[in-house]
Amino acid sequence: MSQLSCRTSPKTSFTKALTLFCTLPLATMIFHAQAADYKVIHAGELLTDASEKPLQQYSLVIIDEKITEVKKGYLTLSEQQVLSTDTVEYIDLKDSFVMAGLMDMHVHLQGELGPKNDSESLRMSDADVAMKSAYFANKTLMAGFTTVRDLGAKPEQIYALRDAIAKGWLSGPRIIASGGVSVTGGHGDVDGKSPDLLDMLTSKTICDGPYDCRRATRRAIKYGADVIKITSTGGVLSDTNTGTGQQMANDELKEVIDAAHALGRKVASHAHAAEGINAALRAGVDSIEHGSYANKESIKLFKQSGAYLVPTLLAGDTVVQMAKSKGNFMSDAIKAKAIRVGNDMQNNFGNAYKQGVNIAFGTDSGVSRHGDNAKEAVLMHQAGMSNQDILISATINGADLIGMSDSLGTLETGKQADVIAMKMSPLRQIDALLDVQFVMKSGAVHKR
Ligand SMILES: [Zn+2]
């Protein structure tokens with residue numbers, strides 16, 4: 001790495017700052033007119049990149065929100081390296097396994113499935129829902145998930161939550177927020193209510209036919225969507241007895257995906273049945289959510305396009321438990337679908353993994369409880385995925401799926417300091433992820 005050569009005098013505070021940076025590699029230089037906030041993490045075991053082996057006894061130097069150095073040994077900064085106005089904090093994680101923040105590509109931060117779900121949602125004001133989502137967002141961050149993709153919420157509320165967290169008003173993960181586009185009567189439209197309520201609650205991004213779906217996609221992006229969520233097949237939890245087969249027509253899928261890509265947005269498609277998975281993949285979708293009944297053709301299409309499968313095994317597991325439990329709140333239509341689909345998800349996932357499909361970690365939390373996100377890793381492991389590949393899916397692959405590999409996914413100079421730590425190595429025992437004890441997001445410590 002090249003060093004900066006310096007010839008400066010006399011010593012103003014500016015040149016003093018420059019002198020400091022002369023001692024650091026050029027790539028680590030960040031000019032700060034004001035005092036900088038240094039943090040030095042001493043990591044017993046450090047996994048900088050989940051596709052490589054962990055390093056022993058390393059230091060991470062962080063200035064403000066970014067990593068500026070990854071160095072062997074337990075580094076201490078000399079007085080010449082920092083300004084008197086800078087703050088330096090040493091974080092002792094010598095007895096811990098340290099890695100990049102986890103990323104969950106499928107959550108619903110606005111709610112949590114349960115018996116009170118429906119009655120509560122009708123009683124709560126938008127402000128109530130906003131408070132509740134802030135609570136769930138914090139729980140998610142505390143579990144070590146520093147970035148999430150929210151794939152289904154009331155759009156203006158999730159955009160507000162995303163922006164409030166980004167501004168530092170609230171503690172929570174970085175949110176990539178979706179705008180949903182769905183067809184009339186499909187999964188993604190409102191259901192199970194009186195006609196008056198259905199009319200009132202129908203979103204303006206429900207569409208029919210390619211041109212209308214093009215309008216709906218552009219509208220979602222106009223109002224703040226980072227990613228477009230579509231539902232190419234029916235869903236388990238829509239109370240309509242409409243099955244889990246293909247619901248969006250091929251021309252609608254193509255139009256939504258083309259319109260989104262033209263405006264620089266990716267598209268995630270909820271899909272269970274093979275024909276819906278395959279139609280979305282042929283239309284150029286970026287990720288398939290659930291993918292419960294992927295067939296031979298799906299595997300071929302996944303590999304041709306490089307699209308990701310986001311398995312959400314935890315949702316499958318949760319709905320099966322709920323459907324079988326006594327006094328459950330599900331209607332008969334939902335119960336039958338839950339047991340059928342939930343049981344099949346894990347086998348289908350194991351097969352897709354063995355065939356070499358790209359996998360990005362995602363839970364559908366909101367179906368399961370927020371903060372339990374890492375349980376997905378245990379289910380992925382049970383389905384035959386290696387611990388290392390699970391960590392790759394929850395870091396490097398997540399970053400790639402949201403198009404943020406240049407700033408997230410690994411611990412490297414110049415990237416965001418999203419760092420977590422646990423006592424045990426998840427490479428040796430995957431359930432170590434269930435007990436994350438230290439969380440830093442963009443250089444700020446949220447849990448220790
Ligand atoms: Zn979902």
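Let's start with a helix pair: the axes of α10 (residues 313-324) and α12 (residues 375-382) come within 8 Å and cross at roughly 95 degrees. Axes here are lines fitted to C-alpha atoms, for helices over the stretch in contact, with angles running from 0 to 180 degrees between N-to-C directions. This is a predicted model, in which local features need pLDDT of at least 70 and side-chain atom pairs count only at pLDDT 80 or more, while totals for chains, interfaces and linings use all residues. Residues are numbered from 1 along each chain as its sequence is written.

**The helix pair**
- α10 and α12 are therefore roughly perpendicular to each other (65 to 115 degrees).
- L313, L314 and D317 of α10 meet K375, E376, L379 and M380 of α12, where contact means C-beta atoms, placed from the backbone, within 7 Å.

**Overall make-up**
- The protein has 14 helices and 16 strands, taken as DSSP runs (H or I, at least four residues, for helices; E, at least two, for strands) numbered from the N terminus.
- Of its 448 residues, 48% count as buried, meaning that 20 or more other C-beta atoms lie within 10 Å of the residue's own.

**The core**
- The largest nonpolar core has 123 residues, and L60, V98 and V419 are among those with the most contacts inside it; such a core is a set of buried Ala, Val, Leu, Ile, Met, Phe, Trp, Tyr and Cys residues joined through C-beta atoms within 7 Å.
- Helix α11 (residues 332-354) gives the most to this core, with seven residues.
- Leaving aside neighbours within four places in sequence, V419 is in contact with I41, L60, V98, A100, G101, L411 and M440.

Conventions. Parallel < 35°, antiparallel > 145°, perpendicular 65-115°, else oblique. Contact = placed C-beta atoms within 7 Å. Buried ≥ 20, exposed ≤ 12 C-beta atoms within 10 Å, placed from the backbone.
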